[in-house]
Structures are given as C-alpha cells and as structure tokens.
Amino acid sequence: MKLTYFPIKGVAEPIRLALVAGGVDFEDNRLEQGTWPDLKASTPFGALPTLHLDSGEQLAQSDALLRYAGKLGGLYPKDDDVAAMRVDMWLGAADDVQGAIRPTLFEKDDEKKMAMRKVLADETFPKWLSIFDSQLESNGSGFLVGTSMTVADLKLFCILDNLKSGILDGIPPTITEPYAKLQKLYDTVAKHEKVAAYRETTYPPK
C-alpha cells in the first residue's frame, strides 16, 4: 500500500499518523520536486493525496483515506454506526477549521492576509479551540469520542501542531496554551510510542 503526497505534512499527515499509530505497513511516497505535473493526470481527481492499494486500485479524497486508515488500525469505529458518526462529526469540525485557514494561504496581498489572520487569531481560533476543549472536558476520556484515540484526535492534533509551529504568520504559537484539555490531547498523541518514533525520524529537530 502506497500513500502519495507532496513532501510536506498538509492534509496527508493525519493519514500518515493513523497508519503509523495503527501499525499498518505502508510506503510513504513523498513526491520529488517537479514530478507532480506528469503524475497529475493519472490521479482520480487531479489532486493529492492518493492511496494505491495492493490490488493496484488508486483511491483519493483525504477524509476517505483517513477513515480507511483508521479502520485498518483500529482508530475508527467498525461496528458502531453512531460512534462512527460522532467521529465523522469531529472530522467535519476539523475541516471547518482548516477551511477557515485556507483562504489566508492563497492571499497574495500581505496587508489583506494579515488582516484575515487577525480575524483567525482573535475570533475564529478561540471559538473553535473552545469548542474542542469543551468536548474533551465533556467526554472525560482525554479523547474527542469514546475512550481511546481515533482519527478525529489525530486530525485535531495536526491542526494544533500547525498552530504551535508558528508557521502561520500573524498567529501566535502560544494560541493553544489557554486550553488545558487540548494541551493534554496534544501531549498524549505526541508521546504515543509509534507516533513519537515516526515524528523523530521524519522530522528530526533542527
């Protein structure tokens, strides 16, 4: 099985983490610079990530791949439709957060971009971080759904990781610190034995 994406974390990182945490063998295919234009037409939707199954079939759409990876590794409910719907709900909430960030990534006017980022920092992120933090408090297990880690937690972890990294100009990397339950979830995922080993090997400290 081969997961193909660009040589960045992006929307493929939750899928990678789900496969890693679930102990699923896969090839982490990160495209070399300049190879994407020749590959694009061969993908289902002209976009990445894609997942090549051992059968040869190529599938796409990041959330579909994430759910599949979760099922393979025991991180997505298989026999409980309501629990699966709860996980899907929080995956959708994470998508809403990412959707709010996306326009600022493509804004070329620096002044407009920083104004958009200020709205994110002052309004959007506090709203969503509070919602996620409250859910973690309400659920009581340290995870968004149920009593163990799911792909929803991994997707949220990736959002928190981006915010903490300082990669988004205008967003203070300390923005997640007031949210104790989010901090605890972040630490839990980061310290997961397989996740920690993957991150240390793949993204060694500079």
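The mean positions of the 24 positive and 30 negative charges of the protein chain sit 1 Å apart, counting Lys and Arg as positive and Asp and Glu as negative, with His and the chain ends left out. Each charge is placed at NZ of Lys, CZ of Arg, CG of Asp or CD of Glu. Keep in mind that this is a predicted model, where local features need pLDDT of at least 70, side-chain atom pairs count only at pLDDT 80 or more, and totals for chains, interfaces and linings use all residues. Residues are numbered from 1 along each chain as its sequence is written, and side-chain values use heavy atoms, leaving out hydrogens and water.

**Fold layout**
- The protein chain has 8 helices and 4 strands (DSSP runs: H or I of at least four residues for helices, E of at least two for strands, numbered from the N terminus).
- Starting at the N terminus, the order is β-α-β-α-β-β-α-α-α-α-α-α.

**Annotated stretch**
- UniProt, in an unreviewed entry, lists residues 1-77 as "domain: GST N-terminal"; its positions follow the numbering used here, feature names are shortened, and annotations may be inferred rather than shown by experiment.
- Residues 1-77 are 34% helix and 18% strand, with the end C-alpha atoms 21 Å apart.

**Size and packing**
- The C-alpha atoms of the protein chain fill a box of roughly 45 × 45 × 35 Å along the principal axes.
- Of the 206 residues, 41% count as buried (under 20% relative accessible area, 1.4 Å probe, protein chains only).
- Take contacts (heavy atoms within 4.5 Å) between residues at least 6 apart in sequence: 63% of them join residues at least 24 apart.

Methods
Buried < 20%, exposed > 50% of the residue type's maximum accessible area, 1.4 Å probe, protein only.
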